[in-house]
Amino acid sequence: MAGWRRRHWLGGALSLVAGAGVSVSSFRADRNHDGPDAPSQQPWARSFGVAWVLSSGGPRAFVHVGVIRALDELGLQPDLIVGASAGALVGVMRAAGHRGLALQQLALTASPWRVMRVNPFGPPWLSGDALADWVRSGVGGRPLQALDVPVACVAWRPSARMLVAFNHGDAGLAVQASSAIEGQFSPVALHGVPHVDADLHQPLPVRLARSLGAQRVLAVDASAHEDRAPEGTQAWRAGDLRKRALTEPDARDADLLLHPDTGYYAGFSRDYRERVMAIGYRETMARSVALRALHAA
């Protein structure tokens, strides 16, 4: 139960990243990012064969790592990766060249408490700028447009009530914006406009991937199977149904949907991570025939 509650307190991409040299250092106040490297959505002058769409999901998004390990072992390659929140983090790391077992090892050393900073000017009382630093290190300082695979980090722009797919500019800031959970982490201001996590709006952005030019979509949904929720979880039923209502239209629009059953409760322990990644790996391998057909079309 406590693990499930921690998922809703922390959630997002911060549950997935390692403390690989990143510490809770002195606070650096969140600021407006308006330089030429500020993340932006730029048009792509082409379409994409297969897009991998990775949902939000907090700690459950460790499942994405197991799925990607299986896809890599099957020799399958995306033409585009689109991720929301934790899915954006995993997607950017895969787009930067972290594959298979190497990506899994990165997730197993994760320490979410070392990639956030306190925001003394809150609420919100947490800042994700340490996450941005960690991502920059993980991608070798490259901007999104210079990564090995085209990638888009999905965020929500409250002032315009619209989704934004960052595909250009600072990779760290793009992941931070995609992971800035509303009410918990400071929004990321880009050119004076705040951006937050898209989990409350489109946690599985398949339709957005289509609008970016994806011809075929493999969608990976890291959300709970609420129909299999154990007794004693009725208090969270409304939230589960809200999440399902948000994911359902995009799940239907995917060419192939993977929705591994990782159990209802979530946590951060190494055992939990190993179990969830193993489930993602196993369920992906079980769909190998359909996956190969999708990527060969």
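**Figure 1. Overview of the protein chain.** In the protein chain, 80% of the contacts with a separation of 6 or more are between residues 24 or more positions apart; contact means heavy atoms within 4.5 Å. This is a predicted model, in which local features need pLDDT of at least 70 and side-chain atom pairs count only at pLDDT 80 or more, while totals for chains, interfaces and linings use all residues. Residues are numbered from 1 along each chain as its sequence is written, and side-chain values use heavy atoms, with hydrogens and water left out. The chain has ten helices and ten strands; these are DSSP runs numbered from the N terminus, helices being H or I with at least four residues and strands E with at least two. Of its 297 residues, 59% are buried. Buried means under 20% relative accessible area, exposed means over 50%, and partly exposed lies in between (1.4 Å probe, protein chains only).

Figure 2. Strand 2 covers residues 80-84, and five of its five residues are buried. In a regular strand the side chains alternate between the two faces of the sheet. Here Leu80, Val82 and Ala84 point one way, while Ile81 and Gly83 point the other way. Strand 2 pairs with strand 1 (residues 48-54) in the parallel sense over four bridges; two strands pair if DSSP finds at least two bridges between them. Four bridges also join strand 2 to strand 5 (residues 151-157), again in parallel. Ile81 stands opposite Trp52, and Ile81 also stands opposite Val151 in strand 5.

**Figure 3. The unit formed by strand 1, helix 2 and strand 2.** Helix 2 spans residues 62-73, and together with strand 1 and strand 2 it makes a right-handed β-α-β unit. A crossover is right-handed if, with the strands pointing away from the viewer, the path from the first strand over the helix to the second runs clockwise.

**Figure 4. Two nonpolar cores.** A nonpolar core is a set of buried Ala, Val, Leu, Ile, Met, Phe, Trp, Tyr and Cys residues joined through side-chain atoms within 4.5 Å. The largest has 53 residues, of which Val92, Val135, Leu144 and Phe166 touch the most other members. Apart from it lies another core, of 23 residues, including Leu80, Ala84, Val206 and Ala209.

**Figure 5. Surroundings of Phe166.** Beyond its neighbours within four places in sequence, Phe166 is in contact with residues including Pro39, Leu144, Val151, Cys153, Leu190 and His195.

**Figure 6. Helix 5 and the residue after it.** Helix 5 covers residues 129-138, and its buried residues are Asp129, Ala130, Leu131, Ala132, Trp134 and Val135. Gly140 follows helix 5 and has a positive phi, near 70°.

**Figure 7. Aromatic pairs.** The whole structure holds two aromatic pairs. Rings of Phe, Tyr and Trp (its six-membered ring) pair if their centres lie within 6.5 Å; planes under 30 degrees apart count as stacked, over 60 as edge-to-face and the rest as tilted. Trp44 and Phe48 have ring centres 5.0 Å apart and planes at 80°, so they are edge-to-face. Trp44 is partly exposed at 25% relative accessibility, whereas Phe48 is buried at 0%. The rings of Tyr264 and Tyr265, with centres 5.6 Å apart and planes at 80°, are also edge-to-face. Tyr264 is buried at 6%, and Tyr265 is partly exposed at 29%.

**Figure 8. Arginines over tyrosine rings.** A charge sits over a ring if NZ of Lys or CZ of Arg is within 6 Å of the ring centre and within 35 degrees of the ring normal. The charged end of Arg60 sits over the ring of Tyr264, 5.9 Å from its centre. Arg69 lies over the face of Tyr281, 4.2 Å from the ring centre.
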